[in-house]
Amino acid sequence: MTRQPLADVIGELASKYPGIEVSEQGYLTVPLETLVEFMRDLKENYGFNFLTNVTAVDYLEYFEMVYDVSVVGEPDMIHIKCRVDRHHPVVPSMVPIWGGAIWQEREVYDLLGITFQDHPDLRRILLDDNWEGHPLRKDYRYEGGRE
Amino acid sequence: MAKGLIKGLGITLNRFFKPKVTVQYPEERLPLPDRFYGRPEFYYDKCIACNMCVNACPNRVIKLETETVDKKKVVTKYDFDQQYCLFCGLCQEACPKDAIKFSKDFELTRYHRPDIKIEFVKPEMVERKKAEIKKAAAEKAAAEAAKAREQEEQNPAAGKEGS
Amino acid sequence: MENLFVNMASGMRSLLASAGLPDTATDFILMFLKLGAILVYILISALWLVYMERKVSAYMQCRIGPNRVGPLGLLQTTADIGKLISKEIIIPRCADKKLFLLGPILIFMPPLAVFAVAPFGKDMVAIDMNIGVYYFLAVASLSTVIVWMSGWASNNKYSLIGGMRVVAQMVSYEMPLILSIVGVIILTGTLNMSEIIRAQENVWFIFLQPLGFLIYLIAGVAETNRAPFDLVEGESEIICGPFTEYSGMGFAMFFLAEYANVVLVSVMATTLFLGGWHAPFGLTFIPSWIWFLLKVYVMIFLFMWFRWTYPRVRVDQLMEFGWKVLVPLSIANIFVTGIGKYLYQTIRW
Amino acid sequence: MTIKTEEFLLNLGPQHPSTHGVFRIVLTLDGETVVKAVPVPGYLHRGIEKIAESRTYTQVIPYTDRLDYLAGMLMNWGYVIAVEKLMGVEVPERAEYIRVIVGELARIASHLVATGAYAADIGGLTGFIYTFRDREEIMDLFEMISGARLTPSYMRIGGVAYDIPEGFIEKCRKFLDDFPKAIEEYNGLITGNEIFQARTKNVAILPAEKAIDMSLSGPVLRASGVNYDLRKARPYSVYDRFEFEVPMGAKGDCFDRYYVRILEMEQSAKIIRQALDQLPEGPIKGKVPKVIKPPRGEAYAEIESSKGIMGTYVVSDGSTQPYRVHFRRPSFVNLGYLDEMLKGWKIADVIAILGSIDIVLGEVDA
């Protein structure tokens, strides 16, 4: 089975979901409301079965979730972004769609403090359970260090 | 059935009688390649105090302090805090004058923590350098003065006109 | 040379007799001397075996091994023991202190006791017991209780798991061990060690009982808790098993006891299967006790060779192998031996 | 009569001989059988992603060495390729070939550690020493080319730090010539051993669908029979010019995961041989400004590291320091399914399963 070219997939998706922005490089920005629907569609109808990367960036005004989804055995990869309100950082979990998100979302929760709805095991993963703050936020201040 | 087990025994027994690979370290040493990153070395006279190495260092290991003597920068302090060094060689790469280099000496352990920090610049070196600069400046000044005097002597009228 | 130790003993006896001591007193003193000699032998051989193990493992792994302390590193173990003695004995909180400290003291008892019946050469046996084999089996299995006790007393889960493994392993491997020896006993009809060795004058039992020897070898490795059956210690799984919490001399005692057990199992293998002190190919100019020790060390080398070649089996595989393979095989061995002996007797007579 | 039994907790790690570092698993055991396993990483967390935000682009390179410190070269590569993508830098051919050579050497080195450590986990220490003996050759090669053995910091944005030194190619070829013999030895001592096979075959079978769903990558994924190797699926650098196969397992048990690595080492040796033959002349560094200031934007690039897919996400705000760097560390993601994999196995299998995933704690905890 030959796959649809990546550009076509992106074009089709952009027309299907109204709120999507497509950048020059082909990066998609999906609104938070349609994220789950979009992702499920991506997996079930377009065959993107491998979630490689989940992370987030703190832009001070908002958070941005970043997902990289690819197809096993194929070169295709889509870079999906999603803006999240910084004061109320809640994102639907991708674990029901791709199980592989489980630890990566825990990492994002731990380091950036974004909460994932329906995540089966949302605990801190790298830092101590009693750690205060989320180090990868840009306004995180730490004391100590050497000398 | 037990073919693999017997083969394994054969391999270990075979190795039992083969030459060993151990190098008896303090007595025998393996040759080190030229690029090896060992203890850093600093060439005081080559340094032009451009601060490139300080900026290149990822871990802020180098501390460089300068003093200006007669409009010339004199390095008064070049501390290399070895315990934080990543031995990545970025300082060596950044230096335009090859003033910081890594040697092949890899025995960096010390009995006391303060000994780990290398203070490359000794006060007498600074004194010497300062003296050299002053001497050079004085010589230069003297030479210039002599030149001026010479000019004056050769061309007294011009000097007077200028004033 | 041949009668070096025997002559020493008889010389001592006559010396004591000439001093006017009664016979019972002489026997008594002599017995203690013999046991003292065995004690010294065990300790020295344990020290030497640690060194040998390190050297053998090193040579098999393209290394040199200890070579710094003393000539060729021979004093390495002595130095290590010296270090261990000087270390603090740490007793974990909430450990059963009495049992915890009792473990390393008792661990040397079973091997020591068993060596009393080991025939080191012609007429060189401290106590020539007529139930020697039985005595060996009975006393040697005592160490299980001690190891289990120390594992329990440590109040550490790894130790407890290790302790339980000891018991499970011993229960399942004592069985094939004993059954494999039964073949030899059928052939000789005696439990006396010296008698068994004498019966091997013409042919060693390893040739009459190859399967029995193999089973004994495997079960023996399991008995001494060495790879591939070192589940009790199982370094990569349960740290050090029952010995996890022991430090300093306590640990050293367990460590040395392991080697004493190795010697023990090798001595038994030599006695039961390898013809004891009998010289092969008629090389009788070498004293019998040297032959005996030589065979013991060949056995020990075999154990070390196994250890540094094989990975570890899993606990359920160990049980399966013990009960489903070794026990039936050893029973079959007894059966075949019995029939063989019957046929032999009926044909001859 | 029934004996009353109770489950108990066993804290495996963080200090344990075979968790490959400071990894902790809280096991709930019923006798020796695992009922529940809770992996707890984070004991080696150094905050490299945070550190990277206060370093310049070049200064991040030495920190990437410390992610997967068994294959530092590949970690360097994974980072620089993302920055190059962000900046749109062309890497000269010779540099690409050198990268392939050192990258594949690093892969072999990493797999050698995995193989040897796995043998040690199963209980045979000799295999461990044998693989480390041969890994030493690779370390010597790295020392020659980059000046450091473990943490090379060899790659630079737009190329590599130094050209190939004299004698490197000969030494590398000699290593490749001796390597098949070494592999034969491992196969004889470890792979072919019946006890080893009994310990690893049919243990923790990982079905392909589950492996894909859990985003597992690298040898762990391929052992389950999934053909997904970025060097083939999405060839980066010059991998499209080499002839090699992607070894795959049939079942997805511990033995397959172990054996795929041995086969991969053979393929890596094959790639290095081809790269050495094709090695072109030319510059080793592309046209990169002295002060690296990528344009505003972001890039995500992936390479196939020895443990799986190593991705780097870089966000630039136009300054000399990255705004955000994120590493998708393969060992970290591969561990996500560990708790399920361990269920129902014995303590000894816990070690075997963990070893077969081949984690490096520097990478897991970043």
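This is a predicted model: local features need pLDDT of at least 70, side-chain atom pairs count only at pLDDT 80 or more; totals for chains, interfaces and linings use all residues.
Residues are numbered from 1 along each chain as its sequence is written, while chains are lettered from A and ligands numbered from 1 in the order in which they are written. The predictor gives the complex an ipTM of 0.86 and a pTM of 0.89. For chain D the mean pLDDT is 88, and 100% of its residues reach 70 or more; pLDDT is the predictor's confidence in each residue, from 0 to 100.

Helices (H or I, at least four residues) and strands (E, at least two) are DSSP runs, numbered from the N terminus.

Of the 4 pairs of chains in contact, chains A and D share the most contacts. Their contact takes 25 residues from chain A and 29 residues from chain D. On the side of chain A that touches chain D, two or more residues come from each of β3 (50–58), β4 (62–70) and α3 (101–112) of chain A. The element that gives the most to this side is β3(A), with 6 residues. The side of chain A that touches chain D divides into 14 nonpolar, 9 polar and 2 charged residues.

Chain A does not touch chain B, and their nearest C-alpha atoms are 10 Å apart. Chain A and chain C do not touch either; for this pair the nearest C-alpha atoms are 25 Å apart.

## Chains C and D

Chain C has 15 helices and 2 strands. Its radius of gyration is 21 Å, close to the 20 Å that the globule rule gives for 349 residues, so chain C is as compact as a globular protein of that length. The secondary structure of chain D comes to 15 helices and 8 strands. The radius of gyration of chain D is 21 Å, close to the 21 Å that the globule rule gives for 366 residues, so chain D is likewise as compact as a globular protein of that length. The radius of gyration is taken over C-alpha atoms, and the globule rule is 2.2 Å times the number of residues to the power 0.38.

A residue is buried if 20 or more other C-beta atoms lie within 10 Å of its own, exposed if 12 or fewer, and partly exposed in between, with C-beta atoms placed from the backbone.

| Chain | Span of C-alpha trace | Buried residues |
|---|---|---|
| Chain C | about 65 × 60 × 40 Å | 47% of 349 residues |
| Chain D | about 80 × 45 × 35 Å | 62% of 366 residues |

Among contacts with a separation of 6 or more, residues 24 or more positions apart account for 78% in chain C and for 70% in chain D.

## Helix packing

In chain D, helix α4 (residues 93–122) and helix α14 (residues 347–357) pack at an angle of about 180°, with their axes 9 Å apart. Axes are lines fitted to C-alpha atoms, for helices over the stretch in contact, and angles run from 0 to 180 degrees between N-to-C directions. The helices α4(D) and α14(D) are therefore roughly antiparallel to each other. Angles under 35 degrees count as roughly parallel, over 145 as roughly antiparallel, 65 to 115 as roughly perpendicular and the rest as oblique. From α4(D), residues D:A117, D:Y118, D:D121 and D:I122 meet D:I351, D:A352, D:G355 and D:S356 in α14(D). The residues of this contact comprise 5 nonpolar, 2 polar and 1 charged.

In chain C, the axes of helix α3 (residues 76–85) and helix α13 (residues 248–272) come within 7 Å and cross at roughly 140°, which makes α3(C) oblique to α13(C).

## Residue D:V246

D:V246 lies in the loop between α10 (230–233) and α11 (254–278) of chain D. This residue is partly exposed, with 18 other C-beta atoms within 10 Å. Leaving aside neighbours within four places in sequence, D:V246 is in contact with D:R222, D:N227, D:D229 and D:K232.

Conventions: Two residues are in contact if their C-beta atoms, placed from the backbone, lie within 7 Å. Ala, Val, Leu, Ile, Met, Phe, Trp, Tyr, Cys and Pro count as nonpolar, Asp, Glu, Lys and Arg as charged, and the others, Gly among them, as polar.
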